[in-house]
Amino acid sequence: MAKVHVMDHPLIAHKISYIRSEEVGTKEFREMIGEIAQLMCYEATRDLKLEDVQIKTPICEMTGKSLAGKKLAIVPILRAGLGMVDGFLTLIPAAKVGHIGLYRDPETLEPVEYYCKLPADCEEREVFVVDPMLATGGSSVAAIQMLKDKGVKHIRFVCIIAAPEGVERMKKEHPDVDLYIGSLDEKLNDHGYIVPGLGDAGDRIFGTK
């Protein structure tokens, strides 16, 4: 069953509360999203496996630690997920980056793929799917299914703010994917927005309406 990790780090809580304010402008919002993503990356990689390596320091030889096993990839869900990529790359600069683009069909309200470009060896990597908001869960569920259809087996989902409805849907449809959440909010409103949330993350990152 999927593990749900809700962050309890004071810096994450402080920065998320700060960007909820409608008075925070585009430039500052975008920068803070990157900082929050970096802090969340630190938490979401806590259980990566290590292996022993031999090192010669200026003083002596020693046994140190190095990341073992699978290589890493970051896959943002376009477009808002782009705001989190640089924060992850700051800590894991060797990670490859893929992109998944989805839009919601106005008739069926179901997510439709319009773009998908992944690293050639993505199925061999530990993949972090990133999106600032987990609302209904429709886009996230679809994006993860696209990855699985392409052979990806090791997936983690990282979002800054989540609604309980989206979390439950993710747990139901992808019980093998662990969730890393900055803040678990109260609910969705009648328009599918997270309450209290922070509005439309994509619009606030890119300055669009």
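Helices and strands are DSSP runs, helices of at least four residues and strands of at least two, numbered from the N terminus, and with that numbering Arg-79 lies in the loop between S4 and H3. The legends that follow describe a predicted model.

**Figure 1. The whole chain of the predicted model, with six helices and 13 strands.** The radius of gyration is 18 Å, which agrees with the value near 17 Å that a compact globule of 209 residues would have. Taken along the principal axes, the C-alpha atoms fill a box of roughly 65 × 40 × 30 Å. Of the 209 residues, 46% are buried, and the accessible surface comes to about 11200 Å², with 52% of that area belonging to carbon and sulfur atoms. Among the contacts that join residues at least 6 apart in sequence, 62% are between residues at least 24 apart. The chain carries 26 positive and 32 negative charges, and the mean positions of these two sets are 4 Å apart.

**Figure 2. The largest nonpolar core, a set of 36 residues.** The residues with the most contacts inside this core are Met-84, Phe-88, Val-158 and Ile-160. Two or more residues are given to the core by each of helix H1 (10-20), helix H2 (26-44), strand S4 (71-78), helix H3 (82-91), strand S8 (125-130), strand S10 (154-162) and helix H6 (201-206). The largest share, eight residues, comes from H2.

**Figure 3. The surroundings of Val-158, one of the residues with the most contacts inside the largest core.** When its neighbours within four places in sequence are left aside, Val-158 is in contact with Met-40, Ala-44, Met-84, Phe-88, Phe-128, Val-129, Val-130, Asp-131 and Tyr-180.

**Figure 4. Helix H3 and what covers its buried residues.** The buried residues of H3 are Gly-83, Met-84, Val-85, Gly-87 and Phe-88, and among these Met-84 and Phe-88 have already been named for their contacts inside the largest core. The cover over the buried residues of this helix includes H2, S4, strand S5 (96-97), S8, S10 and H6.

**Figure 5. Glu-43 in helix H2.** The relative accessible area of Glu-43 is 18%, and this residue is therefore buried, the cut-off being under 20%. Not counting residues up to four places away in sequence, Glu-43 touches Met-7, His-9, Ile-12 and Tyr-180. Ile-74 is 31 residues from Glu-43 in sequence, and the two are 15 Å apart in space, C-alpha to C-alpha.

**Figure 6. Thr-45 and Asp-47 in the loop between H2 and S2.** Thr-45 counts as buried because its relative accessibility is 18%, whereas Asp-47, at 42% relative accessibility, counts as partly exposed. With neighbours within four places in sequence left aside, Asp-47 is in contact with Arg-156 and Tyr-180; Tyr-180 is also among the residues that Glu-43 touches and among those in contact with Val-158. Thr-45 and Glu-186 are 141 residues apart along the chain, and their C-alpha atoms are separated by 27 Å.

**Figure 7. Tyr-18 in helix H1.** A relative accessible area of 37% makes Tyr-18 partly exposed, since that class lies between the limits of 20% and 50%. Residues up to four places away in sequence not being counted, Tyr-18 touches Val-24, Glu-28 and Met-32. Phe-29 is eleven residues from Tyr-18 along the chain, with a separation of 9.1 Å between the two C-alpha atoms.

**Figure 8. Two cis peptide bonds, from Leu-78 to Arg-79 and between Val-195 and Pro-196.** Most peptide bonds are trans. The bond from Leu-78 to Arg-79 is cis, with omega near 5 degrees, and Arg-79 belongs to the loop between S4 and H3. The bond that joins Val-195 and Pro-196 is likewise cis, with omega about 0 degrees, and Pro-196 is found in the loop between strand S13 (194-195) and H6.

Conventions. Residues numbered from 1 in each chain as written. Predicted model: local features only at pLDDT ≥ 70, side-chain atom pairs only at ≥ 80, totals over all residues. Heavy atoms only, no water. Rg over C-alpha atoms; globule rule 2.2 N^0.38 Å. Buried < 20%, exposed > 50% of the residue type's maximum accessible area, 1.4 Å probe, protein only. Contact = heavy atoms within 4.5 Å. Areas by Shrake-Rupley, 256 points an atom, 1.4 Å probe, with all protein chains shown as cover. Lys, Arg positive; Asp, Glu negative; His and termini not counted. Charge placed at Lys NZ, Arg CZ, Asp CG, Glu CD. Core = buried A, V, L, I, M, F, W, Y, C linked by side-chain atoms within 4.5 Å.
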